[in-house]
Amino acid sequence: MQIPQPDIVALSSVALLVSTFGVVVRRSFAGWLSAYRYQSIVLAGSTGLIAYATGVWEIYAAAVLTLLVKAIVIPRLLVRVTEGVNDEFKIEANPYVSIRLSVLISALLVALSYALVQEILPSAGLDGLAAAAYLPVSLSLFFIGLFVMVSRRMALNQVVGLLIIENGLFLFTTALTNGVSLIIEVGILADILVGVMISSLLLLRMNQTFDTLDIGRLEKLKDD
Amino acid sequence: MDFSYAYPDLFLAVVALFVTGALLPLLLNTRRGAIAAFVPAAIASALTAALSTLILFSGSTIRLAPPLTASIPSIGIALYIDGVSAFFMLIIGLVATAVSIYSLGYSGGSEEKRGVRSVGFLINLFVLSMILVVATNNVFSFLLFWELMSLTSFLLVIHEDEKPGTLKSGITYLIMTHIGTAFITAAFLILYFSTGSLSFDAFRSSAGQLAPFTKDAVFILALLGFGTKAGLVPMHIWLPKAHPSAPSNVSALMSGVMLKVAIYGLVRVTFDFVVPSSPGDAWLGLLMVAAGSSSALVGVLYAAVEHDIKRALAYHSVENIGIIVLGLGLSVVFLSYGLATLAALALLASMYHSLNHAVFKGLLFMGAGSVVLKTGTADMNLMGGLAKKMPWTAMFFLIGSIAIAGLPPLNGFVSEWLTMQALLSSYQVPNQVLQVSIGFASVAFALTLGLALATFVKLFGISFLARPRSAGAERASEVPRTMVAGMAVAGILCVVLGVLPFVATSAVASAFHLDLGLITPYSPLGPLAVGYTASGLSSISSLSMPTVLILTGSVGAAVFGFVVLAGSGRKPVVRPYTTWEGGFGPLGERTEYTATSLSQPIRTVFKTFYRPHTSIKREYFSDSNHLVRKSVSVVSETREVFEDYLYSPVVGGTLFLLDKVRRIQTGKINSYLLYMMIATVSLLLLAVFQF
Amino acid sequence: MIAYDITLGADAVKITVIGILQAAGIFALAPLLTGVMRKVKAKRQKRVGASVIQPYYDLLKLLKKDEVVSEHASWVFQWTPWIVAASTMSAALFIPIFVPFSPVSSAGDILVVLGLFALARFFVMLAGIDTASAFGGIGVSREMMMSSLAEPGLFLTVFVISLTFGGTNLTSLVGAAAQSGVVIAPSVLFGFIAFFIITLAETGRLPFDNPATHLELTMVHEAMVLEYSGRGLALIQWSQSIKQLLLLGLMVDLFLPIGMPASADASLALLGFGAAAVVVKVVLLAVVISYLETRVAKWRLFRLPDLFTMAIASAMVGMIVFYL
């Protein structure tokens with residue numbers, strides 16, 4: 001197994017993190033989607049790198065699929081479905097945690113994930129695996145995506161946060177296990193696709209019924 | 001010829017038939033639904049009864065492991081049918097046969113056939129799950145089938161949801177049965193920790209080596225858990241709510257059979273897993289005796305003042321379960337002191353009573369179902385005169401009443417005779433505290449018997465005799481033949497089990513491998529004898545039911561002959577006339593006694609227990625003039641002591657606490673996600689840094 | 001505890017014949033006992049009273065009369081007198097009164113006898129309700145309360161007797177009593193008190209129930225059988241007197257067995273002497289009871305549970321004293 005230049009791995013990790021921060025920083029739905037698109041492309045590239053390193057052809061197929069579905073199909077789908085939604089709900093004007101604070105917390109989360117991986121790596125015997133370099137990045141993607149879901153008010157933002165989580169987990173599993181079988185990859189992707197479709201439909205209905213996509217207003221439904 | 005190789009196949013045939021009975025009605029339309037559901041059920045139940053009889057008398061045991069699950073020994077379905085399982089399967093099979101035949105004609109509380117298909121589906125599953133519960137051999141499958149039994153019965157209880165209060169009774173039942181299941185699971189877990197395995201075989205083989213504290217803990221948890229399901233006081237509060245709410249064929253099954261499955265669990269744990277062998281275990285038996293006698297007394301006291309026919313029968317089930325547990329407790333006490341023959345006697349009494357109660361309670365509930373169906377009410381104060389309008393139902397209900405009141409020559413008398421003999425033999429226990437306590441228990445037992453007789457006079461008398469007290473009772477007519485046939489099966493069983501006690505005693509003896517010795521011979525017409533052989537005595541008390549019956553019959557015939565002779569051979573004329581009402585002329589049916597009035601002296605005598613509460617409400621036409629009253633109503637009610645003083649405070653306190661906990665439910669999705677995030681992060685930190 | 005060997009050495013024919021004669025004697029003499037008790041009461045009340053054989057005339061008269069049956073009653077009402085008669089009289093077969101054995105003791109013991117009495121009571125109560133009259137209802141409701149309270153007293157008394165004499169087989173109980181003579185032990189005395197009170201209740205004597213009245217304030221048993229006439233009434237009255245004789249005879253045989261031969265092997269002369277002794281003792285006891293009846297009035301209904309509780313407590317004390 002050839003170890004690719006460490007710099008390419010580092011470069012792609014940084015690119016992933018930058019795109020994630022892009023989602024955190026941007027305020028508009030279009031911005032989130034473009035950041036997500038960017039992230040997916042880099043993700044596909046990283047997967048290709050892993051495939052090149054391990055020589056497993058299935059991972060190539062997974063990379064291509066990732067590119068197709070996550071970088072092209074899903075963003076298009078989201079744009080199409082949310083065409084009818086009022087612009088007011090595509091802008092995160094009043095998040096629970098302010099943007100500046102979110103950036104700081106995201107940085108903390110990145111540090112946390114690096115610390116965790118440091119602890120796990122020696123004991124798990126994964127030293128030396130090139131793809132191990134991706135582990136901390138994927139974990140931070142997971143945490144940041146989760147944080148985005150927690151701290152934002154607009155439902156569309158939550159959907160994007162979920163997609164980021166999925167990206168992180170995908171990278172985590174690919175790096176850790178040198179790619180899972182293609183069937184599972186396809187399954188996961190199909191799952192994501194359907195999940196996005198369903199959630200966007202739900203958001204549409206939510207908008208139609210309540211005339212808002214502000215999740216903070218949903219608490220009025222609580223049975224008290 | 002030895003047919004034991006065929007037994008596993010027969011058992012699988014039974015299972016297949018029940019599954020067919022469950023699925024068929026869902027596929028067919030309503031008119032055929034009843035037949036599709038209950039004919040396979042009847043055949044399967046009869047087959048179960050036959051199979052269990054064969055197993056009992058051949059003394060073989062059967063092991064079955066369905067192929068898919070055999071590879072995982074602890075988590076998997078392993079079946080083991082020995083004598084004890086076979087005995088309880090016999091009970092299930094007999095009663096289920098009668099009830100299935102009855103259900104062919106029964107259409108619920110009203111005349112239209114609603115939901116027969118779902119009832120058929122659920123009843124088939126219910127009976128099947130009960131059979132499987134008594135046949136399992138490991139904890140996993142036991143709990144699986146136990147839950148299936150509880151859930152199907154819950155769904156059956158809430159089936160007639162147009163009646164008010166049905167849902168609430170169902171939820172109470174669901175909660176109580178799960179509390180019971182929790183205790184049972186705890187008991188099994190303790191056994192698992194002591195033996196390291198989930199299989200009943202392991203529990204059986206390590207029975208003698210349990211530490212005393214473990215033994216006690218397992219026993220008490222099992223008593224609480226199975227006692228909740230069986231309806232022991234104070235965990236009985238669900239019984240008088242659930243049994244009346246369910247359709248009557250379901251009540252018959254629940255009261256007759258499901259309570260016995262709980263008894264099966266208790267018997268298994270007590271005699272197979274926690275074998276009482278030293279005098280230190282005697283207090284466990286005393287606990288059962290106390291629980292049993294208080295259940296019996298409480299049950300019958302509440303039954304005595306009840307005027308809803310099905311709720312009265314439900315309280316009687318509590319009473320009879322008390323008697324069964326009393327017998328079991330006596331057996332445990334005797335066994336701890338090594339009095340094996342007496343322990344066998346007490347166990348025989350208890351198991352005989354289980355069989356009897358299943359049969360006659362099933363019969364009574366079926367009769368009550370017929371009455372409720374035809375009169376449109378379950379309130380006895382609105383019934384009456386049904387003996388002339390529903391003669392067959394009346395006759396079978398009378399047989400059931402005589403049986404449950406413990407009168408000769410029917411089966412109730414035999415099992416109560418055995419229980420009394422066991423109580424009378426308690427002087428042989430060499431511990432004075434135990435002797436006196438059992439003496440007190442006998443007082444409670446005797447009072448229970450007296451009150452039970454009185455209550456059934458009321459139940460049968462007010463419902464069936466005298467004049468109809470409402471339009472519904474006037475309109476009543478006899479029920480379809482299949483319903484009568486179902487009751488007939490149970491009625492005939494009552495008579496057979498009473499007149500020929502050897503049938504049941506030999507079944508119990510071979511089921512439990514009891515060495516009855518001097519106690520009972522197996523010959524058909526031989527007397528049921530109890531030998532007192534301690535301390536130099538050799539007197540024998542015996543009972544020969546067929547002889548008693550023959551003697552009574554011949555005396556009756558002789559009396560008839562004498563009377564004819566003394567009447568100078570002239571056939572006297574019997575003239576019908578109105579009842580004597582003090583010369584006022586014919587009075588309406590409102591002068592008749594009602595159920596409530598019949599039980600009034602008992603209510604007064606025991607008023608410290610009932611705490612009756614009378615409230616008088618007066619309505620006036622106008623508030624300024626209190627002299628002209630619009631209506632006066634008097635409501636007199638007795639309070640359910642356990643609900644008011646035990647359960648309501650506990651439930652109230654729990655709700656108060658939970659209200660405080662509700663604060664964490666904010667309604668915001670973000671906070672829930674935050675909880676998830678905190679949980680994930682902290683778990684990861686914990687796992688990695690091992691704080 | 002007193003042991004008794006129940007092997008009946010005498011031949012079966014003698015036992016069976018004597019057993020049948022004993023039963024016939026019970027059936028025949030029961031109305032006489034009732035007559036004696038009424039005569040004693042009458043004399044105490046400064047009346048001449050009917051003759052002691054008046055009950056026989058009454059029964060024969062009733063047997064010849066027509067019956068009037070309520071139009072509301074069902075077949076339960078018509079069958080009850082036969083069931084009552086059959087069960088009470090077959091109970092008589094199981095109880096050894098005049099001789100210390102009964103041929104069918106191994107088929108039915110004292111619990112069977114109590115069960116047969118309960119069967120009779122069950123059907124009488126049903127018949128009381130069946131007539132749809134308020135009198136019947138009042139009798140049944142009172143009887144329900146009283147019989148359920150009498151039951152523990154009865155069972156505890158049986159317990160004490162069984163502890164003292166061993167077992168519940170009536171032949172062995174009576175034989176053991178005959179063998180040991182009058183037992184003056186605290187447990188037996190307490191048992192006797194309990195049995196006496198319960199007997200008064202079961203036979204419907206004052207202060208529990210007034211057998212001579214037909215006022216609804218004071219009726220219990222009479223209320224339940226108010227609607228009966230003709231043959232049914234004859235059977236019920238006869239059964240009531242038989243039950244009375246059985247209970248008094250049992251009390252005499254267990255607690256005052258003077259003059260009773262101890263085993264069935266005794267010669268006919270001894271058996272005859274024992275039977276005569278029993279007759280004398282039963283008549284004396286009946287006189288005592290009637291005398292007591294004239295001294296008390298019927299108690300208010302809700303004071304009666306106190307009396308029952310006294311019986312239960314007495315028997316319980318007897319049992320505890322026996323154990324300690």
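Two residues are said to be in contact if their C-beta atoms, placed from the backbone, lie within 7 Å. With that criterion, 14 residues of chain A are in contact with 11 residues of chain B. On the side of chain A that touches chain B, the elements giving two or more residues are α4 (99-124) and α5 (134-151) of chain A; helices here (H or I, at least four residues) and strands (E, at least two) are DSSP runs, numbered from the N terminus. It is α5(A) that gives the most to this side, with 4 residues. By class, this side of chain A has 10 nonpolar, 1 polar and 3 charged residues. Ala, Val, Leu, Ile, Met, Phe, Trp, Tyr, Cys and Pro count as nonpolar, Asp, Glu, Lys and Arg as charged, and the others, Gly among them, as polar.

Let me state the conventions. This is a predicted model, in which local features need pLDDT of at least 70, side-chain atom pairs count only at pLDDT 80 or more, and totals for chains, interfaces and linings use all residues. Residues are numbered from 1 along each chain as its sequence is written, while chains are lettered from A and ligands numbered from 1 in the order in which they are written.

Which chains share the most contacts? Of the 2 pairs of chains in contact, that place belongs to chains B and C. Chain A and chain C, by comparison, are joined by no contact, and their closest C-alpha atoms lie 52 Å apart.

The contact between chains B and C takes 73 residues from chain B and 80 residues from chain C. Several elements of chain C give two or more residues to the side that touches chain B, among them α2 (54-64), β1 (67-70) and α3 (75-94). The largest share of that side, 18 residues, comes from α5(C). Its residues divide into 47 nonpolar, 21 polar and 12 charged.

I turn to chain C itself. Chain C has 11 helices and 1 strand, and along the sequence its pattern reads α-α-β-α-α-α-α-α-α-α-α-α. Its C-alpha trace spans about 55 × 45 × 40 Å along the principal axes. Buried residues make up 61% of the 324 residues in chain C, a residue being buried if 20 or more other C-beta atoms lie within 10 Å of its own.

Helix α1 (residues 7-27) of chain B has 21 residues and reaches 30 Å from its first C-alpha to its last, close to the 30 Å expected, that is, 1.5 Å times one less than its number of residues. Its buried residues include Tyr7(B), Phe11(B), Val14(B) and Phe18(B).

Is strand β6 (residues 613-622) of chain B well covered or hardly covered? It is hardly covered: the count of buried residues among its 10 residues is 0. β6(B) forms a hairpin with β7(B), with 2 residues between them. The two strands pair in the antiparallel sense over 9 bridges, and Lys617(B) stands opposite Ser633(B) in β7(B).

Methods: Buried ≥ 20, exposed ≤ 12 C-beta atoms within 10 Å, placed from the backbone. Pairing = 2+ DSSP bridges.
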